[in-house]
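Please read it alongside the coordinates.

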Amino acid sequence: MAKLKHIVLTGLLFLSYFAVCSQTISGLVLDQATNQPIESAAIYFDNTTIGTSTNDKGEFSIEYQEGVTSPLVISFLGYKRMIITNYQVGKFYKVLLQEDIDALDEVVITTDDGMPKELKLQQFRQQFLGFSDNAKSCTILNEEDLILRYNKKTQTLSASSKKPILIKNEKLQYLVSFEIKDFDISYHHINIKRDRFFINSVIYTGTSFYKELEESNSKKTTKSRNKAYKGSVLHFMRALSKKQLEEEGYQIFSGGFKVNPYRYINVKQIDSSKAVEVKLLNKLSILYDNEQSAMESRVDEFIIDQYGNHSPIHQVLFGGHMGNQRIGDSLPFDFMLSE
């Protein structure tokens, strides 16, 4: 069974079960101190392709797509990001952004911390972008905005940034804007001279917005995206919520033996909603297209909505193939929702 070595958190999740009528959310973004409008503030649903920006009066209007359950993010450089989880479509929001004094005044430490700058950058690229062909096609466009620090005592590499990190994914034809909340690589052992790094875990959280690139509608891109989707956590959760694991090509193992998935995974419909409640009875091994993954839950039950988004996202752990998937293999939550 694949070891649950990597823990990857890629965004924030809010599950909502209300019926909607209007299809837009509108509002006004102002500076909290001066009450002046903020132009060009980014407004987006986390981890989706749905976003907009404020006009010169600070006004915005963003379309809501049924099935998107992500928080609404309001962000502007130099201000504290605001995340609205209990939004209502059709409602007008007055948003007051507070200046982020800590971010503006932060002093970057440049002293030697035991790991060369280029090596820290190399480790960040690998663990943030991933290891696949999709990851290898990615370029971080503003690496100069990264603040990387290594703690010798705890053997932890952390990353932060005052600005969103921009990733151009040539293979999947997305420009991803990722606002880092936390990023930590915890090492079990490091030997820099021999270029040997043994990792305990990789944890990152943040919000992201996906923008389609020029060739996003090409057959080649469609094929690449579908390949990335198949066998992903999103694909697995959507299949599990519909109790179609075997139909979608997944095999479940426990104790080294192939088992009936639903003898080890309880999937129960939640009353008056299209979401399901899931309970794992044991740690499981998952096989898909000859790729092995491991799965366990740190909570008694977790929820999957009708579109495959699960919560609490940080309490469901994956190892092996799914655990190694990173930003370079990620797709937005609204991928295939309109199909």
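Does Y187 count as buried or exposed? At 2% relative accessibility, Y187 counts as buried, given that the cut-off for buried is under 20%. The points below concern a predicted model.

1. Nonpolar cores. The largest nonpolar core has 36 residues, and Y187 is among those with the most contacts inside it, together with F124, F128, I167 and F183. Elements that each supply at least two residues of this core include helix 2 (117-129), strand 9 (146-151), strand 12 (174-191), strand 13 (196-212) and helix 4 (219-229). Strand 12 gives the most, with eight residues. A second, separate core of 23 residues includes V276, L284, I304 and F318.

2. Surroundings of F124. Leaving aside residues up to four places away in sequence, F124 touches L129, I140, L146, L148, L157, A159, I180 and F183. Ring pairs also link F124 into a cluster with F128, F178, F183 and Y204.

3. The pair F128 and Y204. The structure holds 18 aromatic pairs. In one of them, the ring centres of F128 and Y204 are 5.7 Å apart and the planes lie at 70°, so the arrangement is edge-to-face. This pair joins distant parts of the chain, since F128 belongs to helix 2 and Y204 to strand 13, 76 residues apart. F128 counts as buried at 0% relative accessibility, and Y204 is buried with a relative accessible area of 0%.

4. The pair Y150 and Y187. These two rings form an edge-to-face pair, at 6.5 Å centre to centre and with 70° between the planes. Y150 in strand 9 and Y187 in strand 12 are 37 residues apart, and their pair links distant parts of the chain. Y150 is buried, with a relative accessible area of 11%.

5. T221, S224, R225, A228 and Y229 are buried in helix 4. They lie on the same side of helix 4 because they cover an arc of only 135° around the axis. These buried residues pack against helix 3 (133-136), strand 12, strand 13 and helix 5 (233-241). The face turned away from the buried side carries the exposed residues K219, K220, K223 and K227. After helix 4 comes G231, whose phi is positive, near 90°.

6. Charges over rings. R225, one of the buried residues of helix 4, lies over the face of Y174, at 3.8 Å from the ring centre. K243 lies over the face of Y262, at 5.1 Å from the ring centre.

How values were computed: Residues numbered from 1 in each chain as written. Predicted model: local features only at pLDDT ≥ 70, side-chain atom pairs only at ≥ 80, totals over all residues. Heavy atoms only, no water. Core = buried A, V, L, I, M, F, W, Y, C linked by side-chain atoms within 4.5 Å. Buried < 20%, exposed > 50% of the residue type's maximum accessible area, 1.4 Å probe, protein only. Helix = DSSP H or I, 4+ residues; strand = E, 2+ residues; numbered from the N terminus. Contact = heavy atoms within 4.5 Å. Arc of directions from axis to C-beta. Phe/Tyr/Trp six-rings, centres within 6.5 Å; stacked < 30°, edge-to-face > 60°. Lys NZ or Arg CZ within 6 Å of the ring centre and 35° of its normal.
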